[in-house]
Structures are given as C-alpha cells and as structure tokens.
Amino acid sequence: MSLYRNSAWFLKGLTEFTRSAFLTAAKRFVEKDIDVALAGRSFMITGANSGIGRATAMAIAKRGGTLHMVCRNKDKAEEARADIVKETGNKEVYVHILDLSETRKVWEFAEAFKKKYKALNVLINNAGCIMTQREVNAEGLEKSFASNVLGVYILTKALIPLLEKSADPRVVSVSSGGMLVQKLRSGNLQSERGHYDGTMVYAQNKRQQVVMTEQWAKAHTNIHFSVMHPGWVDTPGTLQMAVANAMPDFHRSMKESLRAPEQGADTVVWLALSEAAAAGPSGRFFQDRKMVPAHLPLAWTHSSPLEEQKFMSVMEDLSKTFQPH
C-alpha cells in the first residue's frame with residue numbers, strides 16, 4: 001500500500017467513516033424509505049448472529065420478512081434467533097449452519113436450499129473473516145480468500161436462478177472501506193507468495209467483492225446488485241477480535257469513534273428494502289445510503305476490463321472445481 005493511499009484513506013475515514021459522520025449523514029435520510037412491510041418476502045443473511053448481520057436481521061424481522069440466518073456457530077445462531085423472535089414476534093426465522101470457508105459445503109448448501117425453498121428475494125453477503133496468519137481449509141485454499149471471496153462467489157452464483165424467479169430480487173454485499181487502498185489482484189489469490197499481511201489480504205478480498213458485484217450486475221440485469229461500506233463499526237464476535245488483534249493500535253485509538261452495529265447496518269437495510277435503492281443503477285458502491293466512488297482519487301487502483309474478466313474467469317473455473325456432480 002502506498003503512503004499516499006494510506007494517508008488519503010485514513011483522512012477520508014476520519015471525516016466519513018466514524019460515528020459522528022453517520023449522525024451527520026443521517027440528517028438527510030428519508031425514513032419512509034425503509035418503512036416497508038416485508039410479509040411474504042424472504043431474506044438470506046450470512047453471518048447473521050452478531051454485529052452488522054444481526055442488526056440487519058433484527059430490522060428485517062421487525063418488518064415481517066422471512067429470515068434465513070446463515071451462520072457458522074449453531075449455539076450462537078440459535079441464541080440470536082431466539083432473541084430476534086422474542087423482540088420482534090416474528091417466528092419466520094430459520095437457522096442454517098454453514099462455514100463459508102468450507103468450499104464444497106457452500107455448493108451443497110446452496111443446491112439444497114434451492115430444492116427446499118421456492119423463493120429468495122434478497123441475499124445479503126455479510127459474513128467476513130480476517131486472519132492474523134495464513135491458514136488453509138480442508139480443500140487447501142487460503143481461508144480468508146475461501147470465506148470472503150470464493151464462498152461469496154459460489155453462494156451468489158448458485159442462488160441466482162432462485163433470485164431470478166423471485167419478485168424484486170436483490171443482492172447486497174458488505175464490503176469495507178479498506179478496499180479503497182487495493183487494486184484488484186487476479187494472481188496470487190491464495191497469498192502464497194510474499195509476506196502474509198492479514199489486514200491487506202482482507203482489504204484485497206473486499207476489492208474483489210466490489211469487482212464481482214460490478215460484473216454480476218452486467219451479467220444479470222434483472223437482479224439489483226449493490227455493495228457497501230458500513231463505516232468503521234465496533235462489532236462483537238470474531239471480526240472485532242481479529243481487528244483488535246490484527247490492528248490493535250487502530251482499534252484502541254478509534255474505539256470511541258466507531259459506529260454501533262445498527263449504524264453500520266443502516267445502508268444494508270436501505271439497499272435491501274427501499275424502492276429508492278432499487279430505482280438506482282445496479283452494481284454500484286454505497287456508503288450512508290449514497291452512491292460513492294469505488295476508488296480514491298489519484299490512487300491508481302482502477303483495473304482494466306481485461307483484468308476484471310480474467311479475475312471472473314479464474315473465479316468461475318475455481319468454483320467449478322468444487323461443484324458437486
């Protein structure tokens with residue numbers, strides 16, 4: 001990461017990604033945008049038992065939506081489900097256990113879901129992991145890439161036929177402002193070469209999610225795709241501990257300025273629910289209910305259409321390697 005990119009990103013963050021920045025942005029929000037009755041609409045949220053995912057699940061359940069919580073830990077998922085049902089009175093909340101880093105199981109889950117359920121209106125790719133050191137999964141894939149990129153690619157691609165059969169279909173992916181310091185990398189996807197920096201690998205994964213969203217939007221024009229940055233959010237659970245461990249100085253110095261999970265989830269909810277969001281172009285990057293550039297000015301993070309197509313081809317080929325026959 002260049003010194004310029006690092007400095008520009010941090011200055012942008014101080015003015016746009018904090019709790020106070022959210023409160024300022026919220027003054028222009030149109031609250032009736034998310035005042036929507038969701039009975040009869042179904043939503044899948046990965047990583048729905050804590051942080052942004054849980055806050056999103058709670059907001060959707062309150063409005064009567066059917067919830068499919070895709071979580072890694074059964075006990076935590078069931079506890080979150082019980083809390084959501086108790087607080088909202090909505091019993092249409094279902095738990096599915098899946099670790100997105102287990103590549104073959106992502107395929108198996110998606111295929112089984114399509115057979116069992118007749119509709120899925122909105123997929124929210126929220127789950128994320130940040131590693132402090134390089135680890136591989138059972139298939140030999142680097143875990144951060146397997147969870148944040150390949151798992152998201154497979155889940156989304158496999159569910160597209162079901163989404164296309166459903167009314168007003170949408171896919172919302174939770175990225176990170178950290179991706180602004182990264183240019184798309186279509187090689188060394190497993191981080192096998194060079195020093196392993198978990199924070200930068202995570203940021204690269206989030207750039208890859210943005211590119212996937214842009215490309216899916218071009219290929220599947222009847223689905224509304226969006227990707228967003230939730231701001232700097234103080235989330236409980238694995239991601240927060242990893243951030244605290246991987247970037248302790250950042251977490252310590254910024255703790256009082258970090259957003260609450262509900263504030264981080266606000267734009268996810270808006271993109272998933274509102275007519276205003278669906279009326280805008282597909283495949284764009286959002287922050288605080290507003291379309292924003294996916295690149296810092298003068299940061300040289302743009303990639304060519306050829307590079308993006310190469311990346312998508314690599315993802316398609318890799319995903320097929322683990323597809324059950």
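Predicted model: local features only at pLDDT ≥ 70, side-chain atom pairs only at ≥ 80, totals over all residues.
**Entry 1: strand E5 and its neighbours**

I then looked up the whole pairing, and E5 runs parallel to strand E6 (residues 224-228), with five bridges between them. To get from E5 to E6 the chain goes through helix H7 (residues 198-219), and I noted this β-α-β crossover as right-handed.

Is E5 enclosed or open? I went through strand E5 (residues 170-174) and found five of the five residues buried, so the strand is largely enclosed by the rest of the structure. I also sorted the residues by face. Arg 170, Val 172 and Val 174 sit on one side, Val 171 and Ser 173 sit on the other, and all are buried, so both faces of E5 are covered.

**Entry 2: the whole sheet**

I wrote down the strand order of the sheet: E3-E2-E1-E4-E5-E6-E7-E8, an open sheet of eight strands with mixed pairing. At the edges are strand E3 (93-97) and strand E8 (290-291), each pairing on one side only. I also looked at how H7 sits here: it packs on the sheet and touches E5, E6 and strand E7 (284-287), and its direction makes about 160 degrees with that of E6.

Then I looked at E1. Strand E1 (residues 42-46) is parallel to E4, and three bridges join them. One pair I marked is Ile 45, which has Ile 124 in E4 as its bridge partner.

Helix H10 (residues 261-273) was my last stop on the sheet. H10 lies across E1, E4, E5, E6 and E7, and runs at about 165 degrees to E5.

**Entry 3: H6 against H12**

How do H6 and H12 pack? I got an angle of about 80 degrees, with the axes 10 Å apart. That makes H6 roughly perpendicular to H12.

I listed the residues that meet. From H6 these are Phe 145, Val 149, Leu 150, Tyr 153, Ile 154 and Lys 157, and from H12 they are Phe 311, Met 312, Met 315, Glu 316, Leu 318 and Ser 319.

Glu 316 turned up again when I looked at charged pairs. Glu 316 makes a salt bridge with Lys 320, with the closest N and O atoms 3.6 Å apart. Both residues lie in helix H12 (residues 305-321), four residues apart, about one turn of the helix. Glu 316 is partly exposed at 22% relative accessible area, and Lys 320 is partly exposed at 45%.

**Entry 4: other salt bridges**

How many salt bridges are there in the whole structure? My search of the whole structure gave 15. I followed up a few of them.

Lys 12 forms a salt bridge with Glu 16, and the closest N and O atoms are 3.1 Å apart. Both are in helix H1 (residues 3-16), four residues apart, about one turn of the helix. Lys 12 is partly exposed at 22% relative accessibility, and Glu 16 is partly exposed at 27%.

Glu 135 forms a salt bridge with Lys 143, where the closest N and O atoms are 3.8 Å apart. I read Glu 135 as partly exposed, at 33% relative accessible area, and Lys 143 as partly exposed too, at 25%.

I also noted a network: salt bridges link Glu 31, Asp 266 and Arg 289.

**Entry 5: Gly 178**

Where is Gly 178? I found Gly 178 in the loop between E5 and H7. Is Gly 178 buried or exposed? At 13% relative accessibility, Gly 178 counts as buried, because the cut-off for buried is under 20%.

I looked up its contacts as well. Leaving out residues up to four places away in sequence, Gly 178 touches Trp 9 and Ala 203. I also checked Gly 178 against Arg 134: the two are 44 residues apart along the chain, and their C-alpha atoms are separated by 19 Å.

Note on methods
Residues numbered from 1 in each chain as written. Heavy atoms only, no water. Salt bridge = Lys/Arg side-chain N within 4 Å of Asp/Glu carboxyl O. Helix = DSSP H or I, 4+ residues; strand = E, 2+ residues; numbered from the N terminus. Buried < 20%, exposed > 50% of the residue type's maximum accessible area, 1.4 Å probe, protein only. Pairing = 2+ DSSP bridges. Right-handed = clockwise from strand over helix to strand, strands pointing away. Axes fitted to C-alpha atoms, helices over the stretch in contact; angles between N-to-C directions. Parallel < 35°, antiparallel > 145°, perpendicular 65-115°, else oblique. Contact = heavy atoms within 4.5 Å.
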